[in-house]
Amino acid sequence: METFSLLAHGFAVALTPLNIALLLLGCFAGTLIGALPGLGPVNGVAILIPLTFAFGFDATSSLILLSSVYFGCMYGGRISSILLNIPGDEPAVMTTLDGYPMAQQGRAADALAISGVASFVGATVAVIGLTLFAPMLARMAIYFGPADYFALYILAFVTIGGIAGVDPRKTLLSALLGLMIATAGLDPISGIPRYTFNNYHLYDGVDAIVALVGLFAISEILMILEKAVRDRAKPIGIDSWIPDVRTIWRTRWAILRGSVVGFVAGVLPGAGASLGSVMSYSMEKQASDKDGTFGKGDPRGVAAPEAGNNAASGGALIPMLSLGVPGSGTTAVMLAMLISLNVQPGPLLFERQPDLVWGLVASLYLGNVALLILNLPMIGLFSRLMMVPTWALMPIVAAVSFVGVFSISNSTFDLELMIIFGVLGYLLRKLDVSLVPLVLGLLLGGDMERNLRRAMSISDGDWGILIASPISITLYLLTAIFLGLSVWFALRERRRLLARVGGD
Amino acid sequence: MTVRIAGVAIFVIAALYTWYGQGYTANFGDVLGPSVFPVIVGIPAMILSASLVVFPSGEVHWPDRSHMARQAAALAILVGYALLLLPLGFPLATFLLIAGLGIVLGGAPLKAALLGAVIAPGLWALFDQVLGLPLAFLGRWFS
């Protein structure tokens, strides 16, 4: 009952005129950013974070704006997947498998409507889950000691991206690079400057937001320059924008299954929306692909991954808010913003700043409804906006990123650092190294070290404290299972590849 | 080959990081001290990067020369912006950024310049005048 009164209070916070305006603006901007090929939620949120500083909003309003952008991007990502066969980001890849064939068959309106409804149901399931489970997890997390937090961070590093199929060594290396960068600056306990090379700009450490904008926005420009820049796919022409309601109704079970699977995947720290959409799609394929229609334009193949990726995005907010460990790349970026605003996510957040938590949850309910209303009739407008040529879009993105980063410190040193991170991000992406673990390392490095050192102070230097509590043992066991699974997946992938090469 | 070179580069960075980190002396009252965490992070990074040198995975396809030239030009424009923002002032530097990047990204020069001429003062007006974020209109060189 307490949850409902807190939620009611949250609605009172979310329904102030400023927050409603930010919510609608965020939903619209998010759908637009998501619909533009090449820009996903991580880029969208990373570019907009510095701007929220420029606006001078409080933490609650900033979080409402950015989470509406986040949810909007997850809705918008499907538009370019279905009409152009270009996924805006990783989780949208699965939607291209059946969405683009449907569009080619002249059923684009159906595909867009199904994905809109699936996104709505998936995200709503996730927000209900967030309402019920996040406070529970936060109450449990109060029992976490410093050694348990240390174990939790290790679990987050191992799970993030580990199951996605890339080389797990590269994923871990990326997290370690992030941790290395995080140690630059004044040591959190003794105050000794480390890796600052006598440059006073580095005494506060590397600003996570400067690094994020560089890694995601600047590296994206370099990636785009690799391709034939003049080419631009033309979206498929659509005769009718009116979807067939019966087709949508037939996908209801796929939507529900996808929502539940996606939500569970989202809650796992570090796994995120990509895993949510991949798992929902493959489970739906196994459950209902009796005639082999998946991959050839089956509406259920659009419904399941869309419900899954939106449910996972909402689910990913649970570990971020209640444990301070983000569940996806975008929530990692949002965590960076909260830390920059001096808000420390974690179990105490629910007690100390109920306005922020419940205002956010309420705004997600409202945002979902707004997105559904916005998306169904305005699909035509959003798909026309996809025609904005890259040569016009990316320079504006670069200019906005520069203004945002400059506004944080008014120093051009940050702009130079951002470009260095852009080049680093580009090189790592070329090497197939995921950037999200690096961001996570950069964000959590300080806390990880602080918790380790606190634990060691408590035990007076006895390393045994790290495996002394049932919570930390459970977390290490989970870490071992995930690590084993990711190595197994990677080896299986390699065997498949070798078998294919051998077969040719 | 690229993965191996990257492995060597990361190994060298991690080794320097670990070696350098050992020089931070612990002060009393702090059991672990400031040099242990860098070692905990640096050594696994060295092992993982060494394993990439011995057993590299994945192939890297670098862009051809003309695309690389475009990337270099884009980087030069970005660095130039960071260096010229204060001397030139926001609108002029941003105009050069948008027009320059627009051309590098394949836009017609006239259209790209037109885009810069519209967006750069627009952004200045939005951020400086409407949102109250101080951005110099005329830079050091003009005032």
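These entries go from the build of one chain to its partner and then to a few single residues.

**Before starting.** I reminded myself that this is a predicted model.

**Entry 1: chain B, its fold.** I began with the secondary structure and found five helices and zero strands in chain B. Read along the sequence, the pattern is α-α-α-α-α. I then checked the radius of gyration of chain B, which is 23 Å. The globule rule gives 15 Å for 143 residues, so chain B is more spread out than a compact globule. The box around the C-alpha atoms of chain B, taken along the principal axes, came out at roughly 55 × 50 × 25 Å.

Entry 2: How much of chain B is buried? I noted 43% of its 143 residues. Among contacts in chain B with a separation of 6 or more, 60% join residues 24 or more positions apart. Chain B has 5 positive and 4 negative charges, and I found their mean positions 15 Å apart.

Entry 3: I turned to the interface next. Which three residues supply more of the area that chain B buries against chain A than any other three? I listed L32(B), F37(B) and L105(B), which supply 13% of it.

**Entry 4: N309(A).** I looked up this asparagine in helix 13 of chain A, which spans residues 299-315. N309(A) has 2% relative accessibility, so it counts as buried. Leaving out residues up to four places away in sequence, I saw that N309(A) touches M74(A), P91(A), A273(A) and S277(A).

**Entry 5: two positive phi values.** My last stop was the loop of chain A between strand 2 (193-194) and helix 9 (208-226), where Y195(A) is found. Y195(A) is not a glycine, yet its phi is positive, at about 50 degrees. N198(A) is also found in the loop between strand 2 and helix 9. Phi of N198(A) is positive too, near 60 degrees, again in a residue other than glycine.

N198(A), with a relative accessible area of 71%, is exposed.

Conventions:
Residues are numbered from 1 along each chain as its sequence is written. Chains are lettered from A and ligands numbered from 1 in the order in which they are written. This is a predicted model: local features need pLDDT of at least 70, side-chain atom pairs count only at pLDDT 80 or more; totals for chains, interfaces and linings use all residues. Side-chain values use heavy atoms; hydrogens and water are left out. Helices (H or I, at least four residues) and strands (E, at least two) are DSSP runs, numbered from the N terminus. The radius of gyration is taken over C-alpha atoms; the globule rule is 2.2 Å times the number of residues to the power 0.38. Buried means under 20% relative accessible area, exposed over 50%, partly exposed in between (1.4 Å probe, protein chains only). Contact means heavy atoms within 4.5 Å. Lys and Arg count as positive and Asp and Glu as negative; His and the chain ends are not counted. The place of a charge is taken as NZ of Lys, CZ of Arg, CG of Asp or CD of Glu. Buried area is the accessible area (1.4 Å probe) that two parts lose on being put together, summed over both.
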